[in-house]
Amino acid sequence: MNIQSAFASQEPFSLQRRNPKGGTKRLEGWGFANETDTLTDVLLGSPAYLRHLATSSLSRKHLRENPCNIQTAQAQHKELVSAYEHFGVRIHWHEPTPELPMQVYSRDSSVMTPYGAIITAMAQWWRRGENYAAIRTYEKLGIPIYDMVTAGTFEGGDFNVIEDGVVLIGCGGARTNEEGARQVKEWFDKEGWETRLAFIDEYYVHIDLMVVPIAPKLTAVCLDCTDPAIVTWLKDKGHDIVDVPFQDTMALGCNFMSLGNDKIIAPTSSKTLIEQLKARGFEVAAVDTAEISKTGGGIHCMAQALRREAA
């Protein structure tokens with residue numbers, strides 16, 4: 001058999017599942033309607049090959065003043081894994097490779113949606129291989145690919161599902177640029193979602209450093225650095241706002257993971273948020289991530305929700 005006939009005999013290979021006209025069917029068994037339902041499955045990246053690189057203003061600052069102790073960072077990640085296990089969340093892993101030292105931030109290289117995964121387009125050249133690795137991970141898990149960002153750069157920390165059918169897309173320029181953000185916005189406009197772009201200063205890296213849903217109609221927001229128009233938009237939707245002080249935000253204090261059922265995994269640095277949530281009756285697993293976060297990300301950055309179930 002020659003090469004041409006060999007290829008012709010194979011099944012057509014396509015990663016695209018998105019209906020270009022909208023109305024894409026929601027997945028069964030994977031995906032979620034919002035970021036606050038019960039988390040059952042999460043995708044993590046191993047810190048086995050973690051290196052401290054200049055990926056953001058925050059990581060550059062620590063690199064100058066007090067670089068990350070990798071062994072301590074790896075131990076902190078184990079504590080984070082233990083917190084997910086404690087709450088009964090099934091953990092899935094990217095395959096670690098030495099060429100992908102920042103793969104621990106599994107939020108960035110893909111986005112999970114109700115329709116399948118979006119493969120993003122990383123801004124920094126040393127992270128672009130993570131996108132290809134993400135394709136392999138989703139193929140292994142049997143999760144369809146909804147589409148891939150091609151118009152510009154786009155990273156998963158800027159895709160913020162506020163509630164079912166409503167997404168806030170961050171656009172800071174340095175990591176997610178306007179072209180990439182508008183491509184994703186167009187897809188979800190066609191799906192009938194309400195989509196809003198949030199133009200943020202590149203200093204804040206991604207929108208999930210300043211706005212993250214906690215529970216239905218309850219959202220953590222750093223009021224000191226979030227556009228007042230975004231705050232008004234959330235309040236008009238009936239969201240109660242839990243303010244995370246700017247200083248806490250700079251220690252990734254607004255970068256936590258909602259597990260649903262009034263359970264949260266948060267960094268120990270987020271003292272104000274933890275106090276407020278406990279006062280509201282939330283169960284909070286506080287994990288020290290100070291060392292690993294020197295490399296540029298927090299708890300929300302280190303997790304990609306794969307499946308959530310309505311309570």
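Is Asn261 buried, exposed or partly exposed? At a relative accessibility of 44%, Asn261 counts as partly exposed, where buried means under 20% relative accessible area, exposed means over 50%, and partly exposed is in between, with a 1.4 Å probe and protein chains only. The structure described here is a predicted model, in which local features need pLDDT of at least 70 and side-chain atom pairs count only at pLDDT 80 or more, while totals for chains, interfaces and linings use all residues. Residues are numbered from 1 along each chain as its sequence is written, and side-chain values use heavy atoms, with hydrogens and water left out.

Asn261 is placed in the loop between S12 and strand S13 (263-267), helices (H or I, at least four residues) and strands (E, at least two) being DSSP runs numbered from the N terminus. Its phi is near 55°, a positive value in a residue other than glycine. A positive phi, of about 65°, is also found at Leu252, which is not a glycine. Most residues other than glycine have a negative phi. Leu252 lies in the loop between helix H7 (246-250) and strand S12 (257-260), and with a relative accessibility of 4% Leu252 counts as buried.

In soluble globular proteins, nonpolar side chains tend to be buried together. When residues up to four places away in sequence are not counted, Tyr138 touches Leu43, Ser110, Met112, Ala117, Ile119, Ile143, Ile145, Gln304 and Leu306, contact meaning heavy atoms within 4.5 Å.

Two of the residues touched by Tyr138, Ser110 and Ile119, are bridge partners of each other, with Ile119 located in S4. Strand S3 (residues 110-113) and strand S4 (residues 116-119) run antiparallel and are joined by four bridges, two strands being taken to pair if DSSP finds at least two bridges between them. S3 and S4 form a hairpin, with two residues between them. S4 also pairs with strand S5 (residues 145-148), in the parallel sense and over three bridges, and here the bridge partner of Ile119 is Met148 in S5. Together with helix H4 (residues 129-141), S4 and S5 make a right-handed β-α-β unit, a crossover being right-handed if, with the strands pointing away from the viewer, the path from the first strand over the helix to the second runs clockwise. Met148 counts as partly exposed, at 26% relative accessibility, and its C-alpha atom is separated by 17 Å from that of Asn160, twelve residues apart along the chain.

The loop between S5 and strand S6 (159-163) holds Thr153, which is buried, with a relative accessible area of 18%. The side chain of Thr153 reaches the backbone oxygen of Arg175 at 2.8 Å. Leaving aside neighbours within four places in sequence, Thr153 is in contact with Ala121, Met122, Ala123, Arg175, Thr176, Asn177, Gly180 and Ala181.

A further open sheet is formed by three strands in the order S2-S1-S15, with mixed pairing. Strand S2 (90-93) and strand S15 (304-309) stand at the edges, each with a single partner strand, so one side of each is left without a neighbour in the sheet. The twist averages 20° from one strand to the next, axes being lines fitted to C-alpha atoms, for helices over the stretch in contact, and angles running from 0 to 180 degrees between N-to-C directions. Strand S1 (residues 38-44) and S15 run antiparallel and are joined by five bridges, and Leu39 stands opposite Arg308 in S15. H3 packs on the sheet, where it touches S1 and S2, and its direction makes about 135° with that of S2.

Thr289 lies in the loop between strand S14 (283-287) and S15 and is buried, with a relative accessible area of 4%. Not counting residues up to four places away in sequence, Thr289 touches Gln76, Pro267, Ile299 and Met302.

How values were computed:
Polar contact = N/O pair within 3.5 Å; in protein donor to acceptor, adjacent residues only side chain to side chain.
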